[in-house]
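Here is a short tour for anyone who likes to check geometry against coordinates. Please keep the viewer open as you read.

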Amino acid sequence: MKEVKKSSVTPAGSRLILASVAAGCAAVLLLLPRPVAPLSGPSLSLSDSELGTLNTFPSADVELSEAATGALSLYRQQGEVEAGAGESREDFASRARRLEEVGTQLSEDDLNALRNHLLSKMIPALRGELGAEEENALLGSFPRVLERYGASRDGETIAPPWVLRALFMARFHHIFRLEPTRDFSEAEQKAYWGWLALYSEGAPAELRLGAANRLEVLGQDVAELRAWLSYGQEDYHRASGAYFDLSEATGSIRARNHALAAQALLE
């Protein structure tokens, strides 16, 4: 009668089995419904070609016409006042009227040349390479804008250059009382509205939701963005509904768990 040998498992085999069981248990746990608060929103999607365009800054050798040079002088005055102690309401209103007049009278070529001239100096100014007087004239309150919209922290810029570029261009247009995203390419609009919606925690809720609407017009899927913004604004009823809708539409377990987290805060 033959003796049947018992099979044995080597230590390495035991570890493999235990690891497989642990991984299986972890997978099951991940599938179980449980409330998980969203810690971050979706990412902004830009193609390599769009990023290449956005990271291109004009040359410093921009020739300005007489009209553009006069507009530059007004722009610099505005920057000096913003960076300084301020001025009387009458002086502010007077210069605002002049800036608006210049903004409507400048030709497209002059406006673009002036904007490019200033863009070429933006990064050196932010780095503190041009001297305080020149930086105040060029940037004005722009450093404070960057802090407010989460693009800088403690005086150090944290947003990528292409975001700084879009925000600076919007400020330039605003100074001349023009639409902030005037003549923006689609990539520039995505950079501008995307940063405001996704990363500008200090911006008003209405502005961020409005920016999300602009992104949707540009063809971006903003369902998760709206859900995340609603959660951050403690509108948990809207957030739970939006995350549940997203989960049903995409099968996302993560969105389902975010919806449960928002729902739990309603109870």
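## Ground rules

This is a predicted model, in which local features need pLDDT of at least 70 and side-chain atom pairs count only at pLDDT 80 or more, while totals for chains, interfaces and linings use all residues. Residues are numbered from 1 along each chain as its sequence is written, and side-chain values use heavy atoms, leaving out hydrogens and water.

Helices (H or I, at least four residues) and strands (E, at least two) are DSSP runs, numbered from the N terminus.

## Helices α3 and α8

Helix α3 (residues 66-83) meets helix α8 (residues 161-175) with axes that come within 11 Å and cross at roughly 105°. That makes α3 roughly perpendicular to α8 (65 to 115 degrees). Axes here are lines fitted to C-alpha atoms, for helices over the stretch in contact, and angles run from 0 to 180 degrees between N-to-C directions.

On the α3 side, the contact (heavy atoms within 4.5 Å) is made by Y75, Q78, G79 and E82; α8 brings F168, R171, F172 and I175. These residues divide into four nonpolar, two polar and two charged. In this scheme Ala, Val, Leu, Ile, Met, Phe, Trp, Tyr, Cys and Pro are nonpolar, Asp, Glu, Lys and Arg are charged, and the others, Gly among them, are polar.

## Two pockets

A pocket is an open set of points on a 1 Å grid over the protein atoms alone, where a 1.4 Å probe fits, with protein on both sides within 12 Å along at least five of seven lines; lining residues have an atom within 4 Å of a point. Volume is the space filled by probe spheres set on the points.

The largest pocket holds about 330 Å³ of space. Of its 14 lining residues, V145, Y149, R171, H174 and Y192 lie nearest its centre. Helices α7 (142-148), α8 and α9 (186-198) each supply at least two lining residues, with the largest share, five residues, coming from α8. The second largest pocket has a volume of about 270 Å³, and L126, R127, G155, E156 and T157 lie nearest its centre. Its lining divides into eight nonpolar, three polar and three charged residues.

## Links across the sequence

The whole structure has 11 salt bridges (a side-chain nitrogen of Lys or Arg within 4 Å of a carboxyl oxygen of Asp or Glu). One of them joins E108 and R182, with the closest N and O atoms 2.2 Å apart. Because E108 lies in helix α5 and R182 in the loop between α8 and α9, the pair ties together parts that are 74 residues apart in sequence.

P42 sits in the loop between α1 (11-31) and α2 (48-54). C-alpha to C-alpha, P42 and L225 are 6.2 Å apart, though 183 residues separate them in sequence.

How values were computed
Parallel < 35°, antiparallel > 145°, perpendicular 65-115°, else oblique.
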